Each structure stands twice: as C-alpha cells, then as structure tokens.
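Let's take a walk through this model, starting at the surface and moving on to the strands.

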Amino acid sequence: MSKQFKHKVKIYYEDTDAGGVVYYANYLKYLERARSEAIYSLGLTNTNLQKEHDSLIIVKSCNIEYKKPARFEDELEIISSILSKTRTSFTMKQIIKKNEEIISEATVQLVTVNKEGKPIKIPEILNNLLN
C-alpha cells in the first residue's frame with residue numbers, strides 16, 4: 001500500500017520539558033493528529049465514521065522509537081503510510097522528520113470498533129480509500 005500522508009507540526013514551549021526538549025508523550029499526540037489529518041485528507045472525518053458507519057478507530061498497540069530529540073520551535077513533518085490491513089484492523093508506519101532527518105519512528109496498529117468497543121469490519125468507504 002503506497003498511499004502516504006504528510007502532516008507538519010511546529011513545536012511550542014508548552015510541548016517541551018525544562019530542558020527545551022519535547023516531552024516524550026507529546027510525540028503520541030503528534031502521531032494522532034497526523035492520523036486524523038490522514039482521515040480528513042480522504043474526505044472523511046472521525047465523527048462521520050462514528051455517526052454514519054457506527055465505527056471508531058482506536059489504537060490497539062503502538063511501538064515508538066525515539067532517535068533524536070525535537071526542541072522548542074522546531075518544525076516537524078510526520079509521514080504516515082499503511083503497512084497492512086485485515087478485515088478489522090490496519091497497521092500504520094509513522095515517521096517523524098526534522099530537516100529531512102528521521103528523529104522518531106512508530107508502528108501503530110489500529111482497530112475499527114463499534115460504540116460498545118467490539119471489533120467490526122473496516123467500513124467499506126474507508127477500506128476502499130486505504131487501498
């Protein structure tokens with residue numbers, strides 16, 4: 001699956017620790033924003049998927065490797081791509097770059113569930129757009 005999604009993030013003071021380095025948990029927020037923007041770029045919204053398709057996309061697992069720090073006022077680019085899909089889940093590779101250098105990489109497994117939290121088939125509209 002070759003579709004790539006790109007999202008830019010600027011680092012603000014509130015994102016950093018006392019040393020001016022991005023606090024590690026904030027990377028997870030940036031990855032989430034990039035995944036949401038990927039959905040929006042396909043012409044969908046998470047609200048639409050929930051209301052019209054009784055489907056939520058949740059994180060089942062996330063493996064992240066921090067290679068180099070990001071700092072106050074850095075501009076980052078997050079590149080997200082689909083690695084694999086099953087009937088109810090898909091796995092994304094997300095790379096965070098600073099000045100074209102990879103500073104963090106994550107593999108995130110996402111599952112589609114209904115409002116009760118039970119795994120369900122990926123909605124056809126999303127499945128077709130992820131190909």
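A quick word on burial: a residue is buried under 20% relative accessible area, exposed over 50%, and partly exposed in between (1.4 Å probe, protein chains only). This is a predicted model, so local features need pLDDT of at least 70 and side-chain atom pairs count only at pLDDT 80 or more, while totals for chains, interfaces and linings use all residues. Residues are numbered from 1 along each chain as its sequence is written, and side-chain values use heavy atoms, with hydrogens and water left out.

Start with Tyr-24, in the loop between strand E1 (4–10) and helix H1 (26–41); helices (H or I, at least four residues) and strands (E, at least two) are DSSP runs, numbered from the N terminus. Tyr-24 counts as partly exposed because its relative accessibility is 47%. Together with Tyr-23, Leu-28 and Tyr-66, Tyr-24 makes up a nonpolar surface patch with about 400 Å² of accessible area.

Now over to strand E4 (residues 89–98), where 9 of the 10 residues are buried, so the strand is largely enclosed by the rest of the structure. What does E4 pair with? Strand E3 (residues 75–85) runs antiparallel to E4, joined by 9 bridges; strands pair if DSSP finds at least two bridges between them.

How values were computed. Patches are made of residues with over 30% relative accessible area and no salt bridge: like charges are joined within 9 Å, nonpolar side chains (Val, Leu, Ile, Met, Phe, Trp, Tyr) within 5 Å. Accessible areas come from the Shrake-Rupley method with a 1.4 Å probe; for residues, only the protein chains shown count as cover. A salt bridge is a side-chain nitrogen of Lys or Arg within 4 Å of a carboxyl oxygen of Asp or Glu.
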